[in-house]
Amino acid sequence: PSHPRIKEARANYEKAVQKHHSVYAMSRLAAIIDDDNETKIKHMKGAAYAGDPDALYLYAKSLQFGLYGVKPNIVKANDFLRSAVRQDHIPSMIQLASNYYGGYGVPKNFYRAFGLYKKASDLDDKDGQAFMGSLIMMGRGTTLPYTEGKNILEILYLRKDCPIAKGVYSAVCAGDKNSSLDTEQIKSLLIESAEGGYSAAY
């Protein structure tokens with residue numbers, strides 16, 4: 001939305017917080033405020049402690065990466081992510097899975113990472129499907145056959161609506177001697193997925 005529309009929305013959300021203590025309005029303010037970190041975090045924490053899943057995710061990310069002046073606390077971040085996951089919040093599933101996969105604030109656990117990616121995948125999340133496919137191909141956290149993971153990634157790649165799938169698929173193909181893609185195609189896919197925001201493709 002345009003800047004005037006954001007100002008109007010912000011004013012309306014602030015009224016809803018003042019008059020009705022609206023948790024949803026606090027969560028929305030946490031998402032749209034970009035000029036006052038103190039106020040942003042105040043609403044974010046308020047909505048998060050009230051159990052709003054979007055706010056739980058935003059506050060968890062702030063704690064994990066030290067955003068908006070928040071002191072980093074990865075253990076606490078994972079606690080907030082778990083609370084959001086219990087409400088089927090997909091971005092929280094993906095982040096918590098990544099933390100289990102990398103061992104960030106928790107013991108490294110491929111099985112838990114796979115379970116969270118699968119949960120997101122079952123909710124029809126394309127990123128969850130892509131990461132689940134990659135773990136299947138690598139044999140991490142699951143005993144499903146390599147070909148099943150490859151099929152998942154190939155389908156996502158052919159649909160061309162998941163930048164992460166492009167990056168994961170190209171990275172997997174780079175290490176697959178039987179890949180149907182040549183070196184230039186793999187390189188092209190990596191560049192395309194990096195431009196689409198998939199940082200690991202760099």
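Lys118 and Asp122 are four residues apart in helix 7, so about one helical turn separates them. Asp122 is exposed, at a relative accessible area of 55%. Keep in mind as you read that this is a predicted model.

**Charged pairs**

Why do such pairs form? Side chains of opposite charge can pair when their charged atoms come close. How many salt bridges are there? The count comes to six.

| Pair | Distance, N to O |
|---|---|
| Asp35 and Arg10 | 3.0 Å |
| Lys119 and Asp88 | 3.6 Å |

Take Asp35 and Arg10, whose closest N and O atoms are 3.0 Å apart in their salt bridge. Asp35 sits in the loop between helix 2 (23–32) and helix 3 (37–49), while Arg10 belongs to helix 1 (residues 3–20), so the pair ties together parts that are 25 residues apart in sequence. Is Asp35 buried or exposed? With a relative accessible area of 57%, Asp35 is exposed.

The salt bridge between Lys119 and Asp88 has its closest N and O atoms 3.6 Å apart. Here the partners come from helix 7, which holds Lys119, and from the loop between helix 5 and helix 6, which holds Asp88, so parts that are 31 residues apart in sequence are tied together. Lys119 is partly exposed, with a relative accessible area of 32%. Asp88 also counts as partly exposed, at 42% relative accessibility. That brings us to the helix that follows this loop.

**Helix 6 and its surroundings**

Helix 6 has 13 residues and reaches 18 Å from its first C-alpha to its last, close to the 18 Å expected at 1.5 Å a residue. Which of its residues are buried? They are Ser92, Met93, Ile94, Gln95, Leu96, Ala97, Asn99 and Tyr100. The cover over these buried residues includes helix 4 (53–65), helix 5 (74–85), helix 7 (110–122) and helix 8 (126–138). Just after helix 6, Gly103 takes a positive phi of about 75°.

The Ser92 side chain makes a polar contact with the side chain of His89, at 2.8 Å. Beyond its neighbours within four places in sequence, Ser92 is in contact with Tyr57, Leu81, Ala84 and Val85.

**The nonpolar core**

The largest nonpolar core has 50 residues, and those with the most contacts inside it are Tyr59, Phe80, Tyr117 and Ala130. What does Phe80 touch, leaving aside its neighbours within four places in sequence? Phe80 is in contact with Ala48, Tyr49, Leu56, Tyr59, Ala60 and Leu63.

**Two loop residues**

Finally, have a look at two loops. His21 is found in the loop between helix 1 and helix 2, and its phi is near 50°, a positive value in a residue other than glycine. At 62% relative accessibility, His21 counts as exposed. Tyr68 lies in the loop between helix 4 and helix 5. The phi of Tyr68 is near 55°, a positive value in a residue other than glycine. Tyr68 counts as partly exposed, at 35% relative accessibility.

How values were computed
Residues are numbered from 1 along each chain as its sequence is written. This is a predicted model: local features need pLDDT of at least 70, side-chain atom pairs count only at pLDDT 80 or more; totals for chains, interfaces and linings use all residues. Side-chain values use heavy atoms; hydrogens and water are left out. A polar contact is a pair of N or O atoms within 3.5 Å; within protein, one must be able to donate a hydrogen and the other to accept it, and residues adjacent in sequence count only if both atoms are side-chain atoms. Contact means heavy atoms within 4.5 Å. A nonpolar core is a set of buried Ala, Val, Leu, Ile, Met, Phe, Trp, Tyr and Cys residues joined through side-chain atoms within 4.5 Å. Buried means under 20% relative accessible area, exposed over 50%, partly exposed in between (1.4 Å probe, protein chains only). The expected span of a helix is 1.5 Å times one less than its number of residues. A salt bridge is a side-chain nitrogen of Lys or Arg within 4 Å of a carboxyl oxygen of Asp or Glu.
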